Amino acid sequence: MERDTSHPQDPAIVWFRNDLRIQDNEALVAAAQHSSVVPVYIRQASGAARALGGARQWWLHHSLESLSRGLGKLGTPLILLSGDPADLIPELARTIGASAVYWNRRYDPAFQAADSALKSELQAQNLVAESFAGQLLHEPTRLRTGSGTFYKVYSPFWRALEPGVENRQPLDAPESLTPYANLSDLSGEALDSWGLLPEKPDWSGGLADAWTPGETGAHERLSDFIEDRMQGYGDRRDIPGVDATSGLSPHLANGEITPAQIFEALKNTDNDAAPADRTKFRKEVGWREFAWHLLVNNPALPEKNHNSKFDDFPWADDSRSLISWKKGRTGYPVVDAGMRQLWQTGWMHNRVRMIVASFLTKHLLIDWRTGENWFWDTLVDADPASNAASWQWVAGSGADAAPYFRIFNPVLQGEKFDAEGDYIRRFVPELAQMPNNFIHKPWAAPEQVLAAAGVRLGDTYPHPIVDHKLARDRALAAYQQIKEAA
Ligand code: FAD
C-alpha cells in the first residue's frame, strides 16, 4: 500500500502496544514505507491505567519474544524501553531523526487522553503521527441508536454492526523491514530484566501447557478451530468438558490476531460446517465488539455499576468465603472446577465463568468488582471491556444484564452442561470416582457411595459453604431492598 508520508526517506517509529503481531498491522505497513523502521514496545508505569495482572504479564513476556523473533526475521529488532511514552517517543524520534510515528489504536479509555496528547505533541513538532484501526471491527464511538445514544442492548447493536464488519480487508505483513543504520545508538532493555514471569513460586506451568502465546500460536488455533472444532459450535460451545470453542480470547486480548483476520478466514474456508455454527461464532466475536462499545462510551464500566440502583446493594464483606471461591473449595463441584481451571490454565470456559460469577455475586453476595479483580489477575485473556461488561451482566447491574433474580443453581447447571461429569473429573480429581448422579452434589450421596468413591466430605472435599436455597432467598431479599429503595 502506498502511503502519503511527507518524508519517507527518513526513518519511522512503529510503537507496538496491544497489537503484538506482524500481519494485518497497518501501523507497521505504514512504517515499512520509510527508509528504515524502529519498532518499539514501552513498558509503562501503570499511572492512570490498570497494571496488567499476573497471567497477562506471563503472556506478554512470551508474546514479546515471539514478536521480536518475527520482526528480526523481517530485518529489524524490537527495541524495549520503560517509562512514559510522552517522553520516550519524542526522544527516540529525535535520536533517529524520524519523520513519522505510527501506532494502532488501543481504545482503552485509560490511555486515550495520553495517546491524543502525544499525537498532538508530535504533530506540533512537524512529525507525521498517525494511528490506525485493527483491534476491533468497528470504531466504538461511531454506532449510534436512533435516539443518538450508544447501544445498551446487544441484538440491535449487532444488527447495526454486522453489515459492515467485512469492510476492512486484513493486510499482509511487510515483506521486509530496513533496520535503522545506527542501531548501536539505541539502548534497548532486555526482556528478562522486566520480571514479567512469576518466580517464587512459578505458577505458570499449567499456562505453558495450555497455550502458545504469539502470532503463530494464534493462527494455528484459528485454523484448528475452523477445520476441526467449528462443526457443532452452536450446541457444543456450552459444554465445558469438551474443547469446542476457539480459545482465541488471549490472542485477541494481546492483539496477536485481529477480528478482521478471523472473519476473513471464516469467509474463505471450504469447511462447510453448518452455516448456523459459523453465524453463531461470528456473533460471539460480536460480543467482544459490544463490550468495547460499552466501555468506550462508559469509561467507568470496570468500577461503577452501569445501573446506579445497584450502588446501594448490601454487598457482604466475607473474606473466608472469598478465599474458598478463589481456591475452588466452595463444595459446589462445578464452581470449584471452574476456579481451578482458571488457576491452572489462566482461562475458564464461558458457561462456567457465568456460573462462578453468579455464585460469587448471588450465593455469596460478594461485590462483582472483587470477582472482576480476581479474573483480571488470573485470566490470560483479561480484557478491560469484556471482563467488566460480563461481570456487570451476570451481577445484574450492567447494560442488557441478566436480571438479578435469575440465580444459577450450580447443581442444575452442572447436571445440564456436564452431564457425565467430565469437566469435574478433570479439574476436581478428588471427585473423579463419583458416579454421574452424585458428582454435582456429593453431599446428597449415601455414605457407601462416597466411601466407594474415596470421598470424605469435610476432609478430601469440602461441604458446601452455603446452602443453595438459603443463599437464593438471601440474595432475593437483598435485591428486594434496592428495588424498594429505588
Ligand atoms: P469462543 O466461544 O471461541 O468465542 C470467540 C471469541 O468471541 C472469543 O475469543 C471472544 O473474543 C469473543 N467472545 C465470546 N464470548 C464472549 C462474551 N460473552 N463476551 C465478550 N466476548 C466474547 N472474555 C475476554 O476476552 N476477556 C475477559 O476478561 C472476559 N471476562 C469474562 C468474565 C465473565 C464473568 C464472563 C461471564 C465472561 C467473560 N469473558 C471474557 C467472555 C468469554 O467468557 C470469553 O471471551 C470466552 O470464554 C473466550 O473463550 P473462546 O475464545 O474459546 O471463545
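Let me start with a pairing: strand 4 and strand 5 run parallel, joined by 5 bridges. Within that pairing, N104 sits opposite F132 of strand 5. To get from strand 4 to strand 5, the chain passes through helix 4, residues 109–124. That β-α-β crossover is right-handed. Keep in mind that this is a predicted model.

Now the other partner of strand 4. Strand 1, residues 12–16, pairs with strand 4 in the parallel sense, over 4 bridges. Here V14 stands opposite Y102.

How buried is strand 4 itself? Strand 4 is covered on both faces. On one side we have A100, Y102 and N104. On the other, V101 and W103. Each of these is buried.

In what order do the strands of the open sheet come? The order is 3-2-1-4-5, with 5 strands and parallel pairing. Strand 3, residues 79–82, and strand 5, residues 128–132, are at the edges. Each has a single partner strand, so one side of each has no neighbour in the sheet. On average, neighbouring strands are turned by 25° against each other, direction ignored.

I42 is the residue opposite L81 of strand 3.

Next, helix 2. This one spans residues 54–74, so to speak 21 residues in all. From first C-alpha to last, helix 2 reaches 31 Å. At 1.5 Å a residue, 30 Å is expected, and the value is close to that. Just after helix 2 comes G75, with a positive phi of about 130°.

Last stop: T378. Where does T378 lie? In helix 15, residues 368–378. Is T378 buried or exposed? Buried, with a relative accessible area of 6%. The cut-off for buried is under 20%. What does the T378 side chain have beside it? A polar atom of that side chain lies 2.6 Å from the backbone oxygen of W374. Residues three or four places apart in an α-helix point the same way, because there are 3.6 residues a turn. Leaving aside neighbours within four places in sequence, T378 is in contact with A55, L342, W343 and G346.

Terms used. Residues are numbered from 1 along each chain as its sequence is written. This is a predicted model: local features need pLDDT of at least 70, side-chain atom pairs count only at pLDDT 80 or more; totals for chains, interfaces and linings use all residues. Side-chain values use heavy atoms; hydrogens and water are left out. Two strands pair if DSSP finds at least two bridges between them. Helices (H or I, at least four residues) and strands (E, at least two) are DSSP runs, numbered from the N terminus. Axes are lines fitted to C-alpha atoms, for helices over the stretch in contact, and angles run from 0 to 180 degrees between N-to-C directions. Buried means under 20% relative accessible area, exposed over 50%, partly exposed in between (1.4 Å probe, protein chains only). A polar contact is a pair of N or O atoms within 3.5 Å; within protein, one must be able to donate a hydrogen and the other to accept it, and residues adjacent in sequence count only if both atoms are side-chain atoms. Contact means heavy atoms within 4.5 Å. The expected span of a helix is 1.5 Å times one less than its number of residues. A crossover is right-handed if, with the strands pointing away from the viewer, the path from the first strand over the helix to the second runs clockwise.
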